[in-house]
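Hi everyone, thanks for making time.

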Amino acid sequence: MPGGDFHPWFFVIVAAWVLVCGLGVVLFRKIMYSAVSMVFCFLGVAFAYALLNAPLVAIIQILVYVGAISIVIIFAIMLTEVQHGGYDLFFNRQTAIAAVVALVGAAVLAFVALSSDIGQIGDKSLTPGLRQLSRLIFDRYVFPFELVSLVLVAAMIGAIVLATREKERP
Amino acid sequence: MEGTGYMKIAVALIPLLPLLGFIVTLLFGKRWGKHAHIFPVAMVTISAVLSVYGFEWAFRHQEETFVWNAFTWIAAGQFTVPWGFQVDTLTGVMLLVVGVIGMLVHYYSIGYMHGDEGYYRFFAYLNLFMFAMFVLILADSYLLLFLGWEGVGLCSYLLISFWFRKKSASQAGKKAFIVNRVGDFGFTLAMFAIFVATGTLQFTGVFEAAEKGEIAPSLMTWICLLLFTGAIGKSAQFPLHVWLPDAMEGPTPVSALIHAATMVNAGVYMVARSYPLFIQSDTAMTVVMVVGIFTSIFAAYIAITQNDIKKVIAYSTISSLGLMFVALGAGAWVAGIFYLFAHGFFKGLMFLCSGSVIHAMGGEQDMRKMGGLRKKIPITFWTMLIGALSMVGVIPFAGFWAKDEILGATFIDGYYLVWAVGLLIVLLTGIYVFRLIFLTFFGENRSDAEVQAHIHESPPVMTVPLILLSIPALGLGLLVGVPPESGWLHGFLEPVFFDLEHEPFTWIGEGGALMGVSLVLALVGIAIAWWLYMRQTDVPGRIAERVPWAYKASLNKVYMDDIYAVVPVGATLGFAGWLWTFVDAKIIDGAVNGIALLWGWIGDRLRPIQTGRVQNYALYVFGGMIALVVVLAWVWGS
Amino acid sequence: MNALYWWLLLSFLLFCIGAFGVLARRNVILVVMSLEIMLNAVNLALVATANFRAGAKGAGTLFALFIIVLAAAEVTVGLAIVIANYRNRRTVQTDTFDELKG
Amino acid sequence: MSWSDQIGFPLLSVITFLPLAGVVLILLVGRGKPVVYKVISLIVTLAAFALSAWMLFAFKTKLPGMQFAENISWIKPLNIRYGMGVDGIAALLVFLTTLLGVIVIIASWNYVKDRELGFFVSLLLLQVGMVGVFCATDLFLFYVFWEAMLIPMYFIIGVWGGPRRIYAAIKFFLFTLIGSLLMLLAIIAVVYYVKDSSGALTFDIQALSKVVYSYHLQFWAFLAFFVAFAIKVPMFPVHTWLPDAHVEAPTAGSVILAGVLLKMGGYGMLRFCLPFFPDAAVTFVPWVVGLSVVAIVYGALVSLMQKDLKKLVAYSSVSHMGFVTAGIFAGIALVGNAAGIEGAILVMLSHGFLTGALFLMVGFIYERTHTRLIADMGSLAKPMPIAAGFLLFFAFGSLGLPGLSGFVGEFLSLFGVFEYSRWMAAVAALGVILAAAYLLWMFQRTMFNDRGDDEVKPSFALKDLGLREIVSLLPLVVFVIWMGVYPQTFLEFLHVPVQVILHRVTPSLNDTSAGIGALAQLVDSVRGLF
Amino acid sequence: MPLNNTVSVILPGVVVAVAAIVVFLADLFLKRKGGLAWIAVAGLLCGAAVAIGQWGQWTAGFAVWRVFTGGLTFGRREAVVGFAGMIGHDRYALYAVVLFCAIGVLAVLLSDAYLARRQAARGEFYGLLLLIVTGMIGMAISTDIIAFFVSFELMSLPTYILAGYIWRDEKSTEASLKYFVTGAFSSAILAFGLALLYAATGATTYSGIAAGLAGLQLNGLAADGFLVVAFVLVVTGFGFKVSAVPFHSWAPDVYEGAPTPVTAFMATGVKAAAFLGFAKLFLMAAGADWTHWGHIMIILAILTMVVGNVLALPQRNLKRMLAYSSIAHAGYLTLGIIAAGKSGDTLGVSAILFYLAAYALMNLGAFGVLIWIRARREYDYSLEGLAGLGRTLPWPAILMALFMVSLTGIPPTVGFWGKFYLFTAVIQADLTWLAIIAVVMSAVSAYYYLRVVWYMYFREAPEGAEVTEEVESSQVGVITAVTVAALGVVLVGLFPGPLLDAAEGALRLLIGG
């Protein structure tokens with residue numbers, strides 16, 4: 001069982017929470033239920049980050065995912081028509097195959113994870129704190145950081161182009 | 001030995017002049033119109049004079065061989081063949097035959113072909129033929145001989161299908177060439193074998209090697225048999241004789257020159273030329289003799305019932321050629337050449353006479369529609385009679401001496417069966433030749449009144465050659481062949497057939513007796529013909545009714561053409577058709593197109609996986625990924 | 001079998017749940033949501049590794065942070081595309097977009 | 001080395017690229033002036049022909065190696081050079097190519113009535129490629145020419161061809177492409193084998209043909225090269241592109257295809273298969289000769305059944321080219337049998353003249369009768385005796401009448417086969433009989449025979465060959481006779497290069513049969529079989 | 001400029017990114033949008049110029065990889081690696097930069113009239129395009145999986161948008177949606193694979209991963225299921241971007257639906273970047289572990305070559321046909337990575353570099369001709385629509401024929417050299433059997449390429465297919481781009497020396513140079 005500076009049961013609880021909410025996202029009929037489930041799933045993951053000595057990531061997770069992404073998605077749901085009806089409307093024709101493939105995949109990956117010999121336990125005292133992380137971002141990782149900002153610019157402009165639909169003046 | 005300068009010029013000019021004649025006539029003949037014959041005939045005449053000079057040179061230098069290698073023809077690797085000529089006594093004899101008869105036939109043709117559409121063409125072809133024939137006999141190597149050999153085949157083709165719009169004529173020409181090709185197949189392989197064994201194709205070299213025993217006996221037999229295959233084709237021996245009767249589709253001078261006097265003798269000449277090879281292989285000699293005698297009797301049997309005047313002579317030619325091979329096979333080399341010599345004249349004469357008859361009859365060739373021409377075309381009649389007597393072998397005509405010598409040789413050498421068959425042939429020859437004479441010249445004329453009205457003797461340009469030819473047909477034997485087996489010709493050819501042994505001919509005794517027997521049989525044959533076709537004209541019909549199979553078989557040429565139509569020709573065409581429509585179109589091309597279609601088919605079948613639904617695509621990605629994991633984990637896990 | 005693998009196992013399972021959502025749900029918006037679940041699984045794996053693994057500790061954490069931001073950008077773009085499509089076809093059902101095929 | 005270091009005048013490059021100048025001129029002239037294109041094409045091809053004739057005169061037949069060599073760097077990083085040069089074999093083939101180039105221009109003077117610009121440009125480009133193939137002394141340059149040639153031919157068949165032209169064009173293209181792609185792999189393997197073993201990257205054919213390759217490489221590389229060339233020749237059973245391509249191609253295309261393109265297969269075998277991979281070549285002799293003999297008989301038999309004149313000639317090419325491959329490979333079967341190889345090369349040349357001429361004739365006939373079906377003809381010798389004469393001449397040349405070109409080569413190559421195996425020679429000789437059969441039968445059915453309806457069928461109003469057509473045929477007549485009567489002119493070019501090839505192959509023979517002694521015994525035993 | 005100056009290491013990328021921002025800003029102020037194209041072109045040319053200028057200064061090619069294949073000392077590595085191992089700016093990257101910028105220039109030239117005619121916003125288009133180029137450059141220079149992934153996303157996200165750029169066109173937005181869904185899905189997979197690689201080795205830099213893998217190999221764990229999964233996931237991400245079978249299915253739909261200039265750009269630029277980026281990742285990070293990812297790639301390569309070519313056969317839509325053809329070419333290109341991995345030689349990578357350039361020229365040309373035809377008359381990208389083009393539009397037709405011939409790989413065109421070089425690498429790596437498959441498949445491909453030619457030349461145009469010249473759209477850009485591509489195809493085909501030199505030089509280490 002996972003060890004560390006927290007009780008194994010915390011892992012079980014977090015895992016169950018994340019997985020159940022995750023399943024909720026993909027299985028709920030009503031899209032709003034899925035959305036709410038997703039928010040809870042993100043919260044669970046944030047809790048997991050906290051357990052894994054990554055409070056910064058946990059906070060960002062809550063800010064970005066719970067705060068921003070979920071809202072955007074819910075807006076999108078509002079903007080588009082919501083279907084009502086039976087399962088055949090919510091799931092496509094390959095659902096059964098998808099389920100099988102996903103289950104096989106999960107099984108294979110689980111088997112791999114449980115049978116691997118690669119990993120070693122590291123020295124957890126070396127886990128960087130907030131200060132070290134911020135220094136890293138602006139030192140070693142400034143290049144990806146800048147790129148990420150460009151990605152955001154691109155995404156924003158792109159979204160505007162696609163969403164606003166104005167004709168160019170000749 | 002190297003010849004003199006004059007001889008070189010002569011030997012070069014002999015073939016070249018007719019070649020020049022051919023080229024010039026072909027290019028300008030059409031413009032010359034009815035004067036188209038002047039230039040080619042002139043060329044041939046000079047050539048004939050020169051060939052007489054060649055003969056005379058050989059006469060003067062009997063022990064020598066004139067060899068002149070003009071230039072290298074082919075030299076590739078060790079394979080070297082020069083463009084070389086040689087003259088010895090054998091060549092001399094051939095030169096005489098070819099030159100003289102060729103020239104006479106040219107003259108004759110002036111009259112015979114008069115007014116024909118392709119007048120100039122005819123003379124051009126004839127000149128080309130003379131060129132090829134001269135090359136054939138002057139060649140000093142097998143390969144050059146082969147050039148002439150094929151060349152005469154080409155001319156034969158051209159001249160047989162001279163009236164090309166007649167389907168039978170074009171058919172016959174094609175047939176002649178292809179059948180000859182079958183023989184050439186053997187000839188070619190023989191040349192390869194000779195070269196492999198001796199390293200040369202020149203006669204002198206080959207024969208030297210053969211005499212030194214450099215050629216293994218088994219190989220020698222193969223070589224001889226393969227060479228003989230060539231001769232079978234060219235000299236129309238069984239089973240490749242089928243082209244010769246059909247070749248009568250050509251104009252009659254052609255039949256006389258090519259298909260009686262010269263070209264068909266090429267096979268005999270070639271075998272005789274290869275004498276040093278043949279004498280080393282008893283098997284081959286025996287085969288030559290057996291094929292010869294069989295062909296001879298076979299052709300004689302067919303000749304009896306033929307109604308076409310030229311066909312009768314054609315079969316008689318086959319029969320005669322068979323006899324020549326009998327002579328060669330029996331070792332009577334000089335006799336064979338002697339018969340060739342004589343045959344050239346009398347058979348040429350016969351053909352030209354028949355041409356004259358046909359000319360007189362306005363193109364009619366069926367003897368059943370002739371008769372009684374003796375009075376109307378007397379010159380033709382008399383000359384033809386000389387030819388016929390010579391051919392049947394009545395003393396003292398040329399044919400008699402030659403034929404008798406052959407039969408005598410078979411008897412003396414102990415081939416009694418062959419001799420007996422030979423006698424039968426003599427009898428049959430008498431019957432069918434005089435059947436021809438009687439049907440044509442005696443009795444009542446059986447043709448239409450209109451045709452009868454036009455019957456006339458041929459112009460001098462035709463009859464003079466007849467007369468000229470009848471002289472050797474009559475007297476040649478006396479001149480060169482008497483006494484038998486040791487006449488002038490024998491001495492003349494001795495240097496070529498160097499180690500022949502023969503005992504002096506005995507007039508009183510074995511020799512004389514044999515002579516008598518054959519003479520008697522010949523006369524009996526004539527008598528039977530007289531009885532059957534002059535006296536009891538209904539008897540032939542009755543015989544035909546009594547033994548219909550024998551009559552029909554003879555009339556239908558023993559069904560050889562029908563057999564050929566089925567076995568080699570039909571089978572080949574069927575097989576070729578199968579190859580084309582099945583193997584080529586279905587299997588090979590089918591495979592090619594099939595593979596191409598298969599790709600397209602697979603492509604079409606694969607298209608539906610591209611459903612257009614994005615989640616299908618995602619499934620492929622994810623499924624593919626999982627499949628890779630499973631496969632690889634399994635592969636590396638084990 | 002150490003602690004890292006339990007967290008990775010959790011991440012694997014979450015990843016497959018997300019993948020199932022992408023593969024099976026008809027509503028494009030739900031597909032986008034499932035994608036986010038998948039990216040969360042990735043982050044989980046990264047943060048867990050950073051916590052338990054010897055070596056570059058900060059890298060995993062920062063990678064996770066970058067991915068969070070990228071996910072935000074992705075959602076933005078994705079939803080813009082969904083809206084653009086919705087305007088053209090008045091639907092968000094994935095299998096109605098099959099004009100291009102073969 | 002610069003141009004001038006060699007001979008001062010890049011003769012081969014000029015011969016090769018002169019037609020390209022024609023192309024440029026034609027493009028400059030612009031659309032819609034067909035007569036100008038024809039004249040330009042004629043002038044440049046005539047010039048190329050004259051230069052190649054001069055090259056033949058200046059060629060020193062006794063010298064080994066490449067003459068008129070040019071060699072400058074082309075692609076430095078791979079050490080690929082622009083190397084041109086000819087030995088005797090190549091010189092003759094260049095001559096043949098330029099000759100047919102001129103003839104084809106003359107012959108298609110009135111044939112093409114649509115998109116003339118493209119047609120003559122294609123023809124000229126094709127000639128560049130063909131001459132280049134024969135001149136290249138760099139393996140890569142060779143390959144570039146070899147492949148580049150496909151495109152203009154594809155267009156010639158596809159644009160100006162008959163009703164099934166697309167099928168024929170694509171079939172031609174794909175067949176050849178598959179072969180040449182395999183060859184490309186083999187080229188890479190060979191070149192890098194040399195690089196790995198000697199450290200030097202070179203594409204020089206001369207250098208590469210002096211290397212001793214491992215047997216394994218030889219075996220596979222030989223196969224790859226051989227397949228490429230066998231398709232081009234074409235050998236049974238990869239010949240089926242040929243009849244289709246020939247039938248659909250316009251006359252000019254057929255002439256070039258039969259006259260030159262097929263020769264490239266034989267040329268490639270001589271230039272690459274034998275010197276590069278002697279051991280493998282010796283291994284494959286029985287198979288290749290066997291297949292060639294099959295091709296000879298098969299092609300002849302199938303020709304016999306053809307109803308279409310062009311197809312008949314096309315299949316006859318399969319048969320005749322069988323003599324080429326048979327002669328080449330039989331030639332290396334025993335020590336120093338140059339006759340077979342030289343014969344094979346002569347067959348190539350002679351086939352170029354003869355089959356080219358036959359296709360021209362078919363084209364001329366087609367222009368008048370608008371049919372190629374034999375059954376629709378007959379008695380054509382009456383309205384067009386000159387045509388009949390020419391056809392007869394070429395037919396007899398083709399069936400191997402001694403004194404004409406077909407005979408010498410076939411005889412020598414058959415002789416080579418005979419020395420190797422008398423039975424195969426016997427079977428191959430059947431092809432000679434069949435050649436007479438199908439050609440004469442064809443001639444009889446088209447030119448002879450009466451159809452009995454002179455007035456009804458308009459074909460009897462056909463015009464005989466005109467001056468232009470006769471002029472286009474006459475050079476071929478001259479060469480056919482020349483080569484038949486005095487083939488030494490041509491053979492002299494071949495002795496040295498063939499000896500070079502044999503010299504290269506001979507050690508392999510010794511290796512594979514344990515020395516000359518054993519070989520001599522082998523020869524004896526072959527003879528002893530009689 | 002000292003080599004350890006970190007900014008100089010990413011200068012070309014910075015130039016392009018700045019150009020993007022400039023375009024965005026200029027769009028706000030410029031009234032005549034036609035000028036934007038020239039700004040974008042200028043920016044790209046500047047980027048390329050910077051890269052060319054740096055070429056002489058960087059003496060190492062593909063540096064870090066060579067550390068592990070035994071070529072380079074550690075000290076030399078310091079000289080060319082920026083941001084503490086995040087960036088490996090070597091000649092390989094410089095070659096890539098020039099290539100990407102060139103592709104970008106041609107794409108811009110192809111787009112201008114196209115966009116103007118459809119009244120689509122050009123400023124944003126060029127800005128996004130430049131950002132994509134920046135992302136592509138980032139992929140080529142990254143030597144850290146984080147930077148790599150971020151660059152990957154920077155390249156991908158704007159591409160999704162460009163695919164749907166003609167938003168009135170249902171096909172365009174559909175393509176965009178499909179591309180987004182599958183793309184984001186496979187991005188997640190790729191990210192997961194990278195995370196697992198990180199989990200297995202504890203490092204994110206390529207060199208660190210390589211060291212970690214070497215350690216695993218020492219412990220006999222090279223075939224651990226964990227690593228297998230990691231590699232498969234990364235290869236899946238790679239396979240998706242380069243459209244390798246079975247991860248290819250988005251490509252035909254997206255290529256068909258997207259605006260043609262975007263398709264051209266995706267088929268050449270994005271694919272090239274994916275190849276170059278992933279080649280660096282695989283070879284530098286996992287070069288020693290060839291057996292594992294190599295065999296996955298062999299399976300992919302075979303499937304890709306076969307399925308791509310076979311599915312191209314029945315296509316009647318030219319854009320779709322070219323999409324399948326680009327799938328097939330991805331298969332050939334994959335061979336290069338395999339060969340490089342197997343032999344540990346630079347030849348395979350040089351071959352990819354060369355091939356990508358060649359491929360870019362001929363594919364941009366082919367798509368360019370389609371745009372050109374579209375500008376001249378009604379055209380639905382169908383084969384039938386090409387019938388008789390040889391008469392009606394001779395120049396586009398002859399150029400199209402040239403590009404098709406080049407795609408088939410017939411000398412003397414550049415496509416041939418690409419194949420030749422690639423096959424050389426494959427044969428040198430003792431993978432001749434793969435080369436034979438490639439050869440057979442390229443013979444199959446000849447069929448559909450030549451079919452285009454025969455439709456243009458061997459068939460006649462249907463009645464009433466006359467050319468309608470559209471005055472409002474200038475064809476200058478298209479014609480320039482196509483002509484440049486055609487000249488490139490022919491000239492590089494005739495004299496491939498310089499480009500071959502560059503492709504080899506990008507890999508070669510010039511010690512003391």
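This is a predicted model: local features need pLDDT of at least 70, side-chain atom pairs count only at pLDDT 80 or more; totals for chains, interfaces and linings use all residues.

Okay, chains C and A. Between them they bury about 7,000 Å², and 75% of that sits on carbon and sulfur atoms. The contact takes in 64 residues of chain C and 84 residues of chain A. On the chain C side, the residues that lose the most area to chain A are W7(C), F20(C) and R25(C), which together make up 10% of what that side buries.

What about polar pairing here? Across this C and A interface there are zero salt bridges by the rule, but eleven residue pairs do come up in polar contact, with both partners at pLDDT 80 or more. If you look at which elements of chain C give two or more residues to the side touching chain A, you get α1 (3–24), α2 (28–52) and α3 (57–89). The most comes from α3(C), with 25 residues. By class, that side of chain C splits into 45 nonpolar, twelve polar and seven charged residues.

Now chains A and B. Here the buried area is about 740 Å², with 69% on carbon and sulfur atoms. Ten residues of chain A and nine residues of chain B are in the contact. In chain A, Q94(A), V101(A) and V108(A) lose the most area to chain B, together 52% of what that side buries. Salt bridges between A and B: zero. Polar contacts: three residue pairs, again both at pLDDT 80 or more. The chain A side has six nonpolar, three polar and one charged residues.

So where do salt bridges turn up? One I'd like you to look at is in chain B: D246(B) with K175(B), where the closest N and O atoms are 2.8 Å apart. That pair links distant parts of the chain, with D246(B) in helix α9 (residues 243–246) and K175(B) in helix α6 (residues 167–198), 71 residues apart.

Last stop, chain E. Helices α13 (residues 260–286) and α14 (residues 290–312) pack at an angle of about 150 degrees, axes 10 Å apart. The cut-off is over 145, so α13(E) and α14(E) are roughly antiparallel to each other. Which residues meet there? From α13(E) it's F282(E), L283(E) and A286(E), against W290(E), W293(E) and M297(E) from α14(E). By class, that's six nonpolar, no polar and no charged.

Conventions: Residues are numbered from 1 along each chain as its sequence is written. Chains are lettered from A and ligands numbered from 1 in the order in which they are written. Side-chain values use heavy atoms; hydrogens and water are left out. Axes are lines fitted to C-alpha atoms, for helices over the stretch in contact, and angles run from 0 to 180 degrees between N-to-C directions. Helices (H or I, at least four residues) and strands (E, at least two) are DSSP runs, numbered from the N terminus. Angles under 35 degrees count as roughly parallel, over 145 as roughly antiparallel, 65 to 115 as roughly perpendicular and the rest as oblique. Contact means heavy atoms within 4.5 Å. Ala, Val, Leu, Ile, Met, Phe, Trp, Tyr, Cys and Pro count as nonpolar, Asp, Glu, Lys and Arg as charged, and the others, Gly among them, as polar. Buried area is the accessible area (1.4 Å probe) that two parts lose on being put together, summed over both. A salt bridge is a side-chain nitrogen of Lys or Arg within 4 Å of a carboxyl oxygen of Asp or Glu. A polar contact is a pair of N or O atoms within 3.5 Å; within protein, one must be able to donate a hydrogen and the other to accept it, and residues adjacent in sequence count only if both atoms are side-chain atoms.
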